[in-house]
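This report looks at charged pairs and at one helix contact in the structure shown below.

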Amino acid sequence: MGPSLGCPPPHPAPRSPSLALPRGSCDAHCHVLGPADVFPYAVDRTFTPVDAPKGQLAALHAHLGLERAVVVQSSCHGHDHSVLVDALLAGDGRLRGVALIGESTTRGEIERLHEVGVRAFRLNFLPHLRTPPTRAEIDSVLQRVDGLDWAVQLHVTGREIATLVDVVRALPGRVVVDHMGRVDPADDQALRGLHGLLDTGRVWVKVSGVDRISRQGPPYDDAVRLAAALVARAPERVVWGTDYPHVNIVGEAPDDGLLVDLVERIAPDPARLRRLMVDNPAELFDFPPVPEGGP
């Protein structure tokens, strides 16, 4: 079976960024997919991607100047975390992970995931990925990850954010909203919902996915302005990611080198740039701190 519509291959030749990222910079949202002949995709998956194995991701990060990364388990691999565990073990401490916990995922499996570097679990509220989780399902996962200090990562879209306020307030610990909530930058109601969550003081936002939510195309000025406003609003609770290899999108995959260069507009002063790329992801995903100016 070939790749699904909306799952193009990654950009064939991403440019070398002109932005020199700080030492210890982190891609806080990316995926490892396959290869399918080693790590088969789930039978009940809702899409089939182009393979994007761990070596391909590592080569991209070296090209972009990214030293750390957070690998998010993709729904196309379901609750079989073999591909994620393999990537984390190969990362030699450079990688952390985000899991998808299913009804059959045992506490023992979760403890193994923690041991190899998983530090969060993801709840998908997008209808094209699965039926949104019920409160009982969420509570079941929370019981099984209790004591591990994992963050809860929410994958939501647009105006759904306003409907999840009560869910977010009931979640313990840190809550992370993926891809700026996938809001339309021109939708004031959705933006108010996102700001309201951020202003609780417990919610973090990934200022990733500018290519997904822009209504203008590259260089995604409308989405970049939104990302910059979120960084200015809560500079201590934002992280950035490529979203590589960019599945379930419209059109061709973005140039990841361009995405890195846009970070300079999203966090336009050195202090905020370092927080966004180094200090915040280290805090959120339990990386060792990176001393400023060290070797």
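## Asp269 and Arg272

Asp269 counts as partly exposed at 28% relative accessibility, where partly exposed lies between buried, under 20% relative accessible area, and exposed, over 50% (1.4 Å probe, protein chains only). Arg272, with a relative accessible area of 30%, is partly exposed as well, and Asp269 forms a salt bridge with Arg272 in which the closest N and O atoms are 3.9 Å apart; a salt bridge here is a side-chain nitrogen of Lys or Arg within 4 Å of a carboxyl oxygen of Asp or Glu.

The model is predicted, so local features need pLDDT of at least 70 and side-chain atom pairs count only at pLDDT 80 or more, whereas totals for chains, interfaces and linings use all residues. Residues are numbered from 1 along each chain as its sequence is written, and side-chain values use heavy atoms, with hydrogens and water left out.

## Other salt bridges

By this rule the count comes to 17 salt bridges. One of them joins the side chains of Asp149 and Arg174 at 3.3 Å, N to O, and this pair links distant parts of the chain, 25 residues apart. Asp149 counts as exposed at 57% relative accessibility, while Arg174, at 17%, counts as buried.

Lys206 and Asp178 also meet in a salt bridge, at 4.0 Å from N to O, and both Lys206 and Asp178 are buried. Together with Arg122, Asp178 and Lys206 are linked in a network of salt bridges.

In the contact (heavy atoms within 4.5 Å), Val85, Leu88 and Leu89 in α2 meet Arg112, Leu113 and Val116 in α3. The residues of this contact divide into five nonpolar, no polar and one charged.

Note on methods
Helix = DSSP H or I, 4+ residues; strand = E, 2+ residues; numbered from the N terminus. Nonpolar A, V, L, I, M, F, W, Y, C, P; charged D, E, K, R; others polar.
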